[in-house]
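This briefing sets out the fold, the pairings and the surface of a single protein chain. Please read it alongside the sequence and the structure shown here.

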Amino acid sequence: MKCTGKVSGFNRITGFGVIASKAAGGPLPFHVSLVVGGHGRLDAGDRVEVEVNEVDGQPKALRICVMGRHAALQLRAFGASA
């Protein structure tokens, strides 16, 4: 099943994070290795599309596509002040 969500937390050092998605039935832990496109870059607040499967009764992210970057990061990338 595919659903959308928002990265609620991400640790760049470990590569682990959490995606908040009501459609997936709750928070989805993930590793940056699941990100396709976006060069493996994620930040809290990014909107993502997630392919989800149930494993041992728990939702599990299988593939993550970045749909949109957090607005503050976009402004910083273009040199605008927030």
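Phe10 lies opposite Gly17 of strand 2. The model is predicted, and its chain comprises 1 helix and 6 strands. Read from the N terminus, the elements follow the order β-β-β-β-β-β-α.

- The 6 strands make up an open sheet with mixed pairing, in which the strand order is 3-2-1-5-6-4.
- The edges are held by strand 3 (28–31) and strand 4 (35–36); each has a single partner strand, so one side of each lacks a neighbour in the sheet.
- Strand 1 (residues 2–10) and strand 2 (residues 16–20) run antiparallel and are joined by 4 bridges.
- The facing of Phe10 and Gly17 gives one point of reference for the strands.

**Salt bridge**

- The whole structure contains 1 salt bridge according to the search.
- The partners are Arg12 and Asp43, whose closest N and O atoms are 2.2 Å apart.
- Arg12 belongs to the loop between strand 1 and strand 2, whereas Asp43 belongs to the loop between strand 4 and strand 5 (47–55); the pair therefore ties together parts that are 31 residues apart in sequence.
- Arg12 has a relative accessible area of 60% and is exposed, because the cut-off for that class is over 50%.
- Asp43, by contrast, has a relative accessible area of 11% and is buried, since buried means under 20%.

**Cysteines**

- The search of the whole structure returns 0 disulfides.
- Cys3 has 5% relative accessibility and therefore counts as buried.
- Cys65 has 24% relative accessibility, so Cys65 counts as partly exposed; this class lies between the buried limit of 20% and the exposed limit of 50%.

**Burial, contacts and surface**

- The chain has 82 residues, and 28% of them count as buried; Cys3 and Asp43 are among them.
- Where contacts in the chain link residues at least 6 apart in sequence, 45% of those contacts join residues at least 24 apart.
- The accessible surface of the chain amounts to about 5300 Å².
- Carbon and sulfur atoms account for 55% of that accessible surface.

Notes: Residues are numbered from 1 along each chain as its sequence is written. This is a predicted model: local features need pLDDT of at least 70, side-chain atom pairs count only at pLDDT 80 or more; totals for chains, interfaces and linings use all residues. Side-chain values use heavy atoms; hydrogens and water are left out. A disulfide is a pair of cysteine sulfur atoms within 2.5 Å. Buried means under 20% relative accessible area, exposed over 50%, partly exposed in between (1.4 Å probe, protein chains only). Two strands pair if DSSP finds at least two bridges between them. Helices (H or I, at least four residues) and strands (E, at least two) are DSSP runs, numbered from the N terminus. A salt bridge is a side-chain nitrogen of Lys or Arg within 4 Å of a carboxyl oxygen of Asp or Glu. Contact means heavy atoms within 4.5 Å. Accessible areas come from the Shrake-Rupley method with a 1.4 Å probe; for residues, only the protein chains shown count as cover.
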